[in-house]
Amino acid sequence: SGFHNAEGNFEAKIAKSVEQIQKLESPKHLEMVDCEHDKFKHIMEELTPHVNSIGLDETEGKKVREFFNMDTGEDLNIGEAFEMSKKLIERSNLERVHLHTYRYHLIVADKNYLVDIEEMRDAMLFGETSAVLSADLGRLPESEDFEGLDFEKLHIKKMDELEEFAEFFKLDDFTQKGYSMVEGYKVAAIPTLIHEEPNR
């Protein structure tokens, strides 16, 4: 991450980053950051084909849809996010796209992605639980903190989008399980947990 902060000859710096990234033998994840249009477009064109996975929020997801000349409303619904993720995977030969919004989290992965679809869902749940614990405790959680999570101060954002997605694709138990194969892609989704009185 951080490519959006490159100053001076932006194109040359991204080209140098691509050279360096190509030398890495481990899987590479790019965390997108909202930035001005030309920089975002250049990162999309030059950098994304050289990573395995991309993470983005709703604002960045809408910019990616613009990049693909796809329409979107004020909010990026989960169906639009799925279509955008498929395009990203196909165009840049990615393995995985992870989108996080204030309403839901979504991972769309290639069917050959090495992580099991249920593990993808579990990883998102762990990440969400860690974030909520951090908000509750005011610090990063330790292993023992996970044993006593108090749900009194938490609520789940609406399940509407997951339900609509499941209904549209005729997916039994998707809303309850949080994962399914959809059009040949691994798809996992969870609702966002909201902490009512965060300390962090």
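Is Leu149 buried or exposed? In this predicted model, Leu149 has a relative accessible area of 19%, and because the cut-off for a buried residue is under 20%, Leu149 counts as buried. The residue belongs to the loop that runs between helix 5, residues 117–137, and strand 5. Once residues up to four places away in sequence are set aside, the partners that Leu149 touches are Thr129, Val132, Leu133 and Leu154.

The mean pLDDT of the protein chain is 90, and 100% of its residues reach 70 or more. Among the elements of the chain, however, strand 5, at residues 154–156, has the lowest mean pLDDT, 77, whereas strand 6, at residues 179–182, has the highest, 97.

The protein chain holds 7 helices and 8 strands. Its radius of gyration is 18 Å, close to the 16 Å that the globule rule gives for 200 residues, and the chain is therefore as compact as a globular protein of that length. Taken along the principal axes, the box filled by the C-alpha atoms is roughly 50 × 40 × 35 Å. Of the 200 residues in the chain, 46% are buried, and of the contacts between residues at least 6 apart in sequence, 61% join residues at least 24 apart.

The chain exposes about 11,300 Å², of which carbon and sulfur atoms supply 47%. There are 24 positive and 44 negative side chains, and the centres of these two sets lie 5 Å apart.

Glu128 has its place in helix 5, and with a relative accessible area of 8% Glu128 is buried. Leaving aside neighbours within four places in sequence, the residues in contact with Glu128 are His105, Ile190, Pro191, Thr192 and Leu193.

In general, most residues other than glycine have a negative phi. Asp173, in contrast, has a positive phi near 65 degrees; Asp173 is found in the loop between helix 6, residues 160–168, and helix 7, residues 174–177, and at 47% relative accessibility Asp173 counts as partly exposed. Glu183, which is likewise not a glycine, has a positive phi of about 50 degrees. The loop that contains Glu183 lies between strand 6 and strand 7, the latter at residues 185–191, and Glu183, with a relative accessible area of 49%, is partly exposed.

Terms used. Residues are numbered from 1 along each chain as its sequence is written. This is a predicted model: local features need pLDDT of at least 70, side-chain atom pairs count only at pLDDT 80 or more; totals for chains, interfaces and linings use all residues. Side-chain values use heavy atoms; hydrogens and water are left out. Helices (H or I, at least four residues) and strands (E, at least two) are DSSP runs, numbered from the N terminus. The radius of gyration is taken over C-alpha atoms; the globule rule is 2.2 Å times the number of residues to the power 0.38. Buried means under 20% relative accessible area, exposed over 50%, partly exposed in between (1.4 Å probe, protein chains only). Contact means heavy atoms within 4.5 Å. Accessible areas come from the Shrake-Rupley method with a 1.4 Å probe; for residues, only the protein chains shown count as cover. Lys and Arg count as positive and Asp and Glu as negative; His and the chain ends are not counted. The place of a charge is taken as NZ of Lys, CZ of Arg, CG of Asp or CD of Glu. pLDDT is the predictor's confidence in each residue, from 0 to 100.
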